[in-house]
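Hi there,

Here is the structure I promised to pass on.

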Amino acid sequence: MKEKMDQFFGITESGSTYKRELTGGITAFLSMSYVIFVNPIILGQAGLPEDAVFMSTIISSALAMLIMGLWARFPLGLAPCMSMNAFFAYSVVLQMGKTWQEALSSVLVASILFLILAFSGARSKIIKAIPMTVKHAGTVGLGIFIAFVSFKNSGIIVPDEGMFIKFGGFNNPNVIIAFFGIITAAFFLVRKNQYAVFLGMIGAALCGLFIRFGASMDWFHLSESVVATLPQLPKGSPVVVPTGPFQSMMNETFLVSVKHLDKMLSLDSLIVILTFLFLDFFGTATTLSAAATQVSDIKRENFEDNKRIYSADAIGTFFGSIFGTSSLSTYIESVSGIIAGARTGLMSVIVAVLFLLSAFFYPVLSLVTPAVTTPAMAVIGIFMMQNITNIKWDGGFEEIIPAFLTIVMMPLTGSIALGLVLGFLSYELCMIFAGRTKEIPKVMHVITVISIAYLFTI
């Protein structure tokens, strides 16, 4: 059995071990687990039942990762995308006035279109047409974006009227927890320990438990609202049968997207569908490209021609819309599992199993807070930032300007899609200005037109 698994996943061939795959799977799961609780809160604001979203998040994510692990055989995790659930709730439902049922139908149609692109030669041509400058810049920008969001969620960065943002200060215990974890991860990174990300999160969790214990002993004077944000051990039994959430999903969100497909023929619905498709397609392309840079023995050409990797993302979104959640996407957080040593699809299978088990053991996840995940996100940012050396900074301003705009606009606007769009548009314009129009791939012209159309939707 062990030998068959080794041959199926190519564990020995890839230079990995079962221990590395397990550690990578646990690390990736801990980095992604926050989505199980955050996604229901965001979509709940759009009117979806939170219990149902909780279960649909777990089931659709697990199915997507099983496809990624068993079919694509690549070490990545998938779950509802944080930027797309925000677009779903705040833009489509609350601003445009669409019902959440119609929004789910839009996600369903977008996933089918994504699948068509993934299985056809169009997807490969589109990805190859994107200039390497924008690809590498997208990786760097995505790394900075992830680190920025994690710093914001843990309180390291807070809003400021004068400078927009500022340092949150060590009066917030979550800042201490986050930095303790980052320092722990840095220690093991410097010592070339492949489990640095996982150990950094363990350090952050232990620090949080110590602060909570100190507050209960009156060593630290913290308000109840602050203490509630700290990591905590499960209260009562750590095992809970999720009967209620499962019934809620089956009764209230399952197949709702199919029942409202007749509402997808209007112009505003088409715009919503294309926006979901745009965000998923290019966001996935950037994330997967970033992940591929962490696997030294994979050829970029083979990676970009791998239809199964992209299809796993699209199929995951399809299942998500069926069960009742917004678009799924490959999680850049799951790269922490690759950094921890995982190299095969077995990691994705392990994460899928842990997601399913989390439905029964979710009280244990009370240990995982935004501050605890900050070390993993910071390390991911560090690794993604290394791609900045691959950008041709001496290749002329037609290379520099698109790279600059892509990198800067992703974190500053909070939009991965907008950063990519501005990178595409500036590349096309700068190549025209440089008299190099003939060097621009024909597909890139189509991407430019789509990018311009996207700007009118925001």
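**What turned up**

There are zero disulfides in the structure, a disulfide being a pair of cysteine sulfur atoms within 2.5 Å. Before you read further, please note that this is a predicted model, where local features need pLDDT of at least 70, side-chain atom pairs count only at pLDDT 80 or more, and totals for chains, interfaces and linings use all residues. Residues are numbered from 1 along each chain as its sequence is written, and side-chain values use heavy atoms, with hydrogens and water left out.

Cysteine 81 is buried at a relative accessible area of 14%, and cysteine 430 is buried too, at 10%. (Buried means under 20% relative accessible area, exposed over 50%, and partly exposed in between, with a 1.4 Å probe and protein chains only.)

**Aromatic rings**

How many aromatic pairs does a search of the whole structure find? The search gives 12. Rings of Phe, Tyr and Trp (its six-membered ring) pair if their centres lie within 6.5 Å; planes under 30 degrees apart count as stacked, over 60 as edge-to-face and the rest as tilted.

One of the pairs joins phenylalanine 167 to phenylalanine 170: it is edge-to-face, 5.3 Å centre to centre with 70° between the planes. Phenylalanine 170 also pairs with phenylalanine 179; here the centres are 5.7 Å apart and the planes lie at 50°, so this pair is tilted. Phenylalanine 167 is partly exposed, with a relative accessible area of 42%, and phenylalanine 179 is partly exposed at 29%.

Elsewhere, Phe210, Phe213, Trp219 and Phe220 make up one aromatic cluster. There is also a charge over a ring: the charged end of arginine 73 sits 3.8 Å from the ring centre of phenylalanine 8. (That calls for NZ of Lys or CZ of Arg within 6 Å of the ring centre and within 35 degrees of the ring normal.)

**Two buried residues**

Proline 75 lies in the loop between helix H4 (50-72) and strand E1 (78-80). Helices (H or I, at least four residues) and strands (E, at least two) are DSSP runs, numbered from the N terminus. Proline 75 is buried, at 1% relative accessibility. Setting aside neighbours within four places in sequence, its contacts (heavy atoms within 4.5 Å) include Ile338, Arg343 and Met347.

Threonine 133 belongs to helix H8 (residues 132-154) and is buried, with a relative accessible area of 5%. Not counting residues up to four places away in sequence, threonine 133 touches Ile391, Glu399 and Ala403.

Best wishes
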